[in-house]
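Dear colleague,

I am handing over the structure below, together with some notes on what came out of going through it. Please read the notes alongside the coordinates and the sequence.

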Amino acid sequence: MSKDKPEVRYYRKRVELFLLIDKIKLWPSHTGVLHGIKSVEVSGPGLARITTHCNRSFTVSNSRNSRAARWLRNKWFRGVCPKCGIPEWKLAKYDATRFRRGYGSTLRAELNRPASGDRRRHRLKTLFAEVGVEAEHTVQPELAHCFEARAIDQAETPPH
Ligand SMILES: [Zn+2]
């Protein structure tokens, strides 16, 4: 894999918005400017407080059908925030991200991935608990590799 051309990643079209923004750390504003996300914190049931690198804060709901969710999936933006200083590799990675119905990661396996770090995993679990989603996080940690294996299986099946 070349450093200039990131690997194409597939995510489910109906991936949880919170998991998606926590993963890609980008936010398209309603004016079409792409910001870098500094933090995502739970602020209420189904709500998260997002802070950008240019220090804007706002609350969003975990809706897959919201404007931001749709714009993220369709990669609609007309400019990149100069203050956020999003690195080129992050934009390239985003560019190589594909969203498919019924194919790709739901990102829920992240919840059980030891490599993702305890703090991050804890925060994601909190996000999930707040939105009341029944996720794979109820699964015993020793079974987590099953989700990983399934994700790999799916990745090896070419999308249509
Ligand atoms: Zn910004």
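In what follows, helices (H or I, at least four residues) and strands (E, at least two) are DSSP runs, numbered from the N terminus. On that basis the chain, which is a predicted model, reads β-α-β-β-β-β-α-β-α-β-α-α along its sequence, and its secondary structure comes to 5 helices and 7 strands. Of the 160 residues, 22% count as buried, and among the contacts between residues at least 6 apart in sequence, 65% join residues at least 24 apart.

Confidence deserves a word before the details. The mean pLDDT of the chain is 77, with 65% of the residues at 70 or more. The highest confidence is found in β2, at 96, whereas the lowest is in helix α5 (residues 144-155), with a mean of 42. Over residues 132-160 the pLDDT stays under 50, and for this stretch the model has 30 contacts beyond four places in sequence. Where pLDDT is low, the predicted coordinates should not be read in detail.

Helix α1, which spans residues 17-24, is mostly covered, since 6 of its 8 residues are buried; these are L17, F18, L19, L20, I21 and D22. The helix is followed by K25, which has a positive phi, near 55°.

The largest nonpolar core has 17 residues, and within this core F18, L20 and I21 touch the most other members. At least two residues of this core come from each of α1, β2, β3, β4 (47-52) and α2 (67-74), with α1 giving the most, namely 5 residues. If neighbours within four places in sequence are left aside, the contacts of L20 are with Y11, V15, L72 and L107.

With best wishes

Methods
Residues are numbered from 1 along each chain as its sequence is written. This is a predicted model: local features need pLDDT of at least 70, side-chain atom pairs count only at pLDDT 80 or more; totals for chains, interfaces and linings use all residues. A residue is buried if 20 or more other C-beta atoms lie within 10 Å of its own, exposed if 12 or fewer, and partly exposed in between; C-beta atoms are placed from the backbone. Two residues are in contact if their C-beta atoms, placed from the backbone, lie within 7 Å. A nonpolar core is a set of buried Ala, Val, Leu, Ile, Met, Phe, Trp, Tyr and Cys residues joined through C-beta atoms within 7 Å. pLDDT is the predictor's confidence in each residue, from 0 to 100.
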